[in-house]
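The following note sets out comments on the structure shown below, as numbered points. It is intended to be read alongside the sequence and the model.

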Amino acid sequence: MGHFVEIRSYNLKPGTRQEFHRLFLEDAFPMLQRREVDVVAYGPSLHDTDSYFLMRRYDSLSQREESENTFYGSDEWRQGPREAIIALIESYTEIVLELDDATLHGLRGVQAGK
């Protein structure tokens with residue numbers, strides 16, 4: 001074990017998933033990369049037209065908390081895409097799992113529809 005993976009499942013407002021995906025790719029994802037957040041996988045869910053998922057890896061639960069506090073508390077997020085992205089979300093849930101290297105490797109690059 002040793003990798004903590006957070007899986008977020010977003011329930012989006014009807015008809016907004018394409019716009020959410022665009023905002024994620026153009027705005028949020030580059031911000032996560034600049035902050036060296038390890039995005040394992042993301043994309044539209046296959047089970048309906050209004051769901052989206054995001055998986056991120058952390059070395060520890062404390063690193064996850066610190067990383068998220070820094071990201072979501074940043075001026076770049078708050079003054080950037082925050083309002084546009086939040087406006088498309090009805091609700092979301094998070095789960096965190098501890099995974100081994102092989103499982104983590106298998107999840108990398110998982111994209112819905114591939």
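Predicted model: local features only at pLDDT ≥ 70, side-chain atom pairs only at ≥ 80, totals over all residues.

**Nonpolar cores and overall fold**

1. The largest nonpolar core comprises 20 residues, and those touching the most other members are Tyr 10, Phe 20, Phe 24, Tyr 42, Tyr 52 and Ile 85. Two or more residues of this core come from each of S1, H1, strand S2 (38–44) and strand S3 (51–58). The greatest contribution is that of H1, which supplies seven residues.

2. Leaving aside residues up to four places away in sequence, Ile 85 touches Phe 20, Leu 23, Ala 28 and Trp 77. Another core lies apart from the largest one; it has seven residues, including Val 5, Val 40, Met 55 and Leu 104.

3. As to secondary structure, the protein contains five helices and four strands. Their order along the sequence is β-α-β-β-α-α-α-β-α.

4. Contacts can be considered according to their separation along the chain. Among contacts in the protein with a separation of 6 or more, 77% are accounted for by residues 24 or more positions apart.

5. The overall dimensions may be stated in two ways. Along the principal axes, the C-alpha trace spans about 40 × 35 × 20 Å. The radius of gyration is 14 Å, which agrees with the value near 13 Å that a compact globule of 114 residues would have.

6. Burial and surface composition are as follows. Of the 114 residues, 39% count as buried. The protein exposes about 6600 Å², and 50% of this area is supplied by carbon and sulfur atoms.

7. Regarding charge, there are 20 negative and 13 positive side chains in the protein. The centres of these two sets lie 3 Å apart.

8. Gly 15 and Arg 56 are 41 residues apart along the chain, and their C-alpha atoms are separated by 25 Å.

Terms used. Residues numbered from 1 in each chain as written. Heavy atoms only, no water. Rg over C-alpha atoms; globule rule 2.2 N^0.38 Å. Buried < 20%, exposed > 50% of the residue type's maximum accessible area, 1.4 Å probe, protein only. Contact = heavy atoms within 4.5 Å. Areas by Shrake-Rupley, 256 points an atom, 1.4 Å probe, with all protein chains shown as cover. Lys, Arg positive; Asp, Glu negative; His and termini not counted. Charge placed at Lys NZ, Arg CZ, Asp CG, Glu CD. Core = buried A, V, L, I, M, F, W, Y, C linked by side-chain atoms within 4.5 Å.
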